[in-house]
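The following paragraphs lead the reader through a single structure, one feature at a time. Please keep the sequence and the model in view while reading.

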Amino acid sequence: LSSAASDVYKRQSFQIDLDDKYCYPNVKDFEMANDRVVKAEIERYCAKNNQTVEFLSEEKPIVFILNGKEKYTASLEMGHGRYNYGYHIQCLEVIE
């Protein structure tokens, strides 16, 4: 996880890459990822990285607890970087 600074607090954030059919709007078979796809990708990411996930909300805004500790919100974002073009899931820690 990498750190992203907010106004007052330091928040943790991370990205989850989507399957190509959900990533690149210029491909022929592009599909916009829905909440069910986002949830499934978060579960897949956690299983792959030996982390636990508990969903508090499975619809926008998707909110989950990672490893029984930190609360995160997940949103679909469009990346426009040199090596990162297309949609991905942006997970940002919720500071309460």
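Cys 46 counts as buried because its relative accessibility is 1%, where buried means under 20% relative accessible area, exposed over 50% and partly exposed in between (1.4 Å probe, protein chains only). The model is a predicted one: local features need pLDDT of at least 70, side-chain atom pairs count only at pLDDT 80 or more, and totals for chains, interfaces and linings use all residues. Residues are numbered from 1 along each chain as its sequence is written, and side-chain values use heavy atoms, with hydrogens and water left out.

The structure holds zero disulfides, a disulfide being a pair of cysteine sulfur atoms within 2.5 Å. Cys 46 is in no disulfide, and the nearest cysteine sulfur, that of Cys 91, lies 8.1 Å away. Cys 91, likewise in no disulfide, counts as buried because its relative accessibility is 0%.

Cys 46 also belongs to the buried residues of H2, among them Val 37, Val 38, Ile 42 and Tyr 45. Helices (H or I, at least four residues) and strands (E, at least two) are DSSP runs, numbered from the N terminus. Helix H2 covers residues 35–48, and at 1.5 Å a residue its 14 residues should span 20 Å; the end C-alpha atoms are 20 Å apart, which agrees. The expected span is 1.5 Å times one less than the number of residues in the helix.

Attention now turns to the loops. In the loop between helix H1 (20–23) and H2 stands Tyr 24, which is partly exposed because its relative accessible area is 28%. Tyr 24 and Gly 79 are 55 residues apart in sequence, and their C-alpha atoms are 9.9 Å apart in space.

Finally, the loop between strand S3 (53–57) and strand S4 (62–66) contains Pro 61. The peptide bond from Lys 60 to Pro 61 is cis, with omega near -10°.
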